[in-house]
Amino acid sequence: MINEIKTIVQNYLNNAKLTSLMVGTVAADGIKISAKLTIPNELIVGNLKRTIQLGNKVRLLRNHGGQQFYILEVVVE
């Protein structure tokens, strides 16, 4: 019984998009996280959204559920 409960909880955690920290690069149509994933501008929020420029590297906080991304900072290298 315990193993079944553990399996159910593990499956839930694998499928739920929990809050996480991400790094991406500002592109014309959103923020590019990887070669296959670009977050559209409609899902991005935060005070820095108005000041970021193409090519900036930013740190994002993904909201629980993955429907909203908050810009935490512009990463300076």
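Select Met22, Val26, Ile31, Ile39, Ile44, Ile52, Val58, Leu60, Phe69 and Ile71: these ten residues make up the largest nonpolar core. Strands β1, β5 and β6 are the elements that give two or more residues to this core. The model on screen is predicted. As a general point, nonpolar side chains in soluble globular proteins tend to be buried together.

Keep the core displayed and pick out Val58. Which residues does Val58 touch, leaving aside those up to four places away in sequence? The contacts are Met22, Val23, Gly24, Val26, Ile31, Ile52, Ile71, Glu73, Val74 and Val75. Several of these are core members too, including Met22, Val26, Ile31, Ile52 and Ile71.

Now switch to a cartoon view and look at the sheet. Six strands form an open sheet of mixed pairing, and the order across it is β3-β2-β1-β5-β6-β4. At the edges are β3 (38-40) and β4 (44-45), each of which pairs on one side only.

Next, colour β1, residues 20-27, and β2, residues 30-32. The two strands run antiparallel and are joined by three bridges. They form a hairpin with two residues between them. To find one of the bridges, select Val26, whose partner in β2 is Ile31.

Move across β1 to its pairing with β5, residues 57-62. Here six bridges join the strands, which again run antiparallel. Select Ser20 to see the residue that stands opposite Arg62 in β5.

Continue from β5 to β6, residues 69-75. This pairing is antiparallel as well, with six bridges.

How many salt bridges does a search of the whole structure find? The search finds one. In it, the side chains of Glu73 and Arg59 meet at 2.6 Å, N to O.

Note on methods. Residues numbered from 1 in each chain as written. Predicted model: local features only at pLDDT ≥ 70, side-chain atom pairs only at ≥ 80, totals over all residues. Heavy atoms only, no water. Pairing = 2+ DSSP bridges. Helix = DSSP H or I, 4+ residues; strand = E, 2+ residues; numbered from the N terminus. Core = buried A, V, L, I, M, F, W, Y, C linked by side-chain atoms within 4.5 Å. Buried < 20%, exposed > 50% of the residue type's maximum accessible area, 1.4 Å probe, protein only. Contact = heavy atoms within 4.5 Å. Salt bridge = Lys/Arg side-chain N within 4 Å of Asp/Glu carboxyl O.
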